[in-house]
Amino acid sequence: MILSTALVLSAAAADQTHLHFADLGLNPTIVTIGWFNLKWYSIAYIAGIVVGWWYLLKLIAQPGAPMARRHADDLVFYATLGIILGGRIGYVLFYAPEMIIHPLQILRLWDGGMSFHGGVIGTSIGLILFSRQHKLDWLRVHDYLACCVPFGLFFGRLANFVNGELWGKPADVPWAIIFPRTGDDVARHPSQLYEAGLEGVVLFAVLWYFFWRTKARYEPGRLTGVFVAGYGIARFIVEFFREPDAQFSGTFIEHSGLHMGQWLCVPMILGGAWLITTARGRRHRVEPIAGSESVA
């Protein structure tokens with residue numbers, strides 16, 4: 001599906017015409033059986049969790065891991081719960097506070113509406129609770145899980161594109177797409193794919209380098225800082241190409257020249273930079289949970 005989409009996009013770029021989203025033949029729903037609809041967005045969440053879990057096992061198999069194989073399953077449970085609860089609560093608080101007076105709407109996850117920034121907070125709380133329960137170094141646990149998150153971001157942004165949502169601003173670039181859900185015939189940036197590339201592919205590559213080619217995993221907080229700051233920078237950049245959130249029209253957020261997503265990224269960038277610059281001072285002799293090799 002993704003390959004065929006890329007070929008259509010290439011063809012559109014070649015003849016300098018703007019592509020209609022409907023021409024891609026994408027459908028948010030994979031299959032419908034009675035009342036049950038299996039959507040690509042659900043598959044994206046599942047794929048991100050499964051592939052992230054698989055990669056986490058690769059990471060903790062290395063010397064000096066902060067947890068053992070037996071901890072991985074519990075960690076995935078806590079992280080998944082944090083993503084869902086934090087993502088939904090964050091969406092309500094940051095983007096749709098009017099839902100508070102209609103609490104039943106908050107439970108309607110199938111209607112969509114998740115905040116990545118809320119998911120980060122929820123996951124962090126979940127990991128702290130998990131680490132306290134198992135008496136693990138919570139910051140080093142964060143470091144390892146941070147390396148796995150780009151998988152979920154990549155699949156999630158592809159699902160956003162398949163859903164034809166979170167489109168970009170009007171554009172005249174050859175690869176601009178006309179999204180039917182906008183209600184107009186204006187070609188726009190496929191900002192979902194920009195985010196999949198920066199937040200998924202590029203961020204994963206950066207974290208891969210720091211984990212496998214440096215001693216970053218022995219400096220608590222460095223990998224977490226790279227992820228948090230890296231995501232913040234990537235999201236901040238892409239927001240310049242995304243359509244601003246309509247619910248903030250006429251507010252300070254709109255008049256500031258920045259989007260809500262960008263304002264939420266500012267503390268992430270600053271916090272990530274602090275974690276990176278202070279990581280060396282937190283380095284200590286690492287006694288692994290699994291294996292027998294001690295790392296100075």
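Among contacts in the protein between residues at least 6 apart in sequence, what percentage join residues at least 24 apart? The share is 67%, where a contact means heavy atoms within 4.5 Å. Keep in mind that this is a predicted model, in which local features need pLDDT of at least 70 and side-chain atom pairs count only at pLDDT 80 or more, while totals for chains, interfaces and linings use all residues. Residues are numbered from 1 along each chain as its sequence is written, and side-chain values use heavy atoms, with hydrogens and water left out.

Let's start with the overall picture. The protein has 11 helices and five strands; these are DSSP runs numbered from the N terminus, with helices being H or I of at least four residues and strands E of at least two. Of its 296 residues, 44% are buried, meaning under 20% relative accessible area, with exposed being over 50% and partly exposed in between (1.4 Å probe, protein chains only).

Now find helix α6, residues 138-146. Eight of its nine residues are buried, among them L139, H142 and Y144. Their cover includes α2 (40-60), α3 (69-94) and α5 (116-134), as well as α7 (149-163), α8 (191-213) and α9 (222-238).

Leaving aside neighbours within four places in sequence, Y144 is in contact with residues including L56, M67, F211 and R217. Y144 is also one of the residues with the most contacts inside the largest nonpolar core, which has 32 residues. Such a core is a set of buried Ala, Val, Leu, Ile, Met, Phe, Trp, Tyr and Cys residues joined through side-chain atoms within 4.5 Å. Helices α2, α3, α5, α6, α7, α8 and α9 each supply at least two residues of this core, and α9 gives the most, with five. A second, separate core of nine residues includes L19, F21, V162 and F179.
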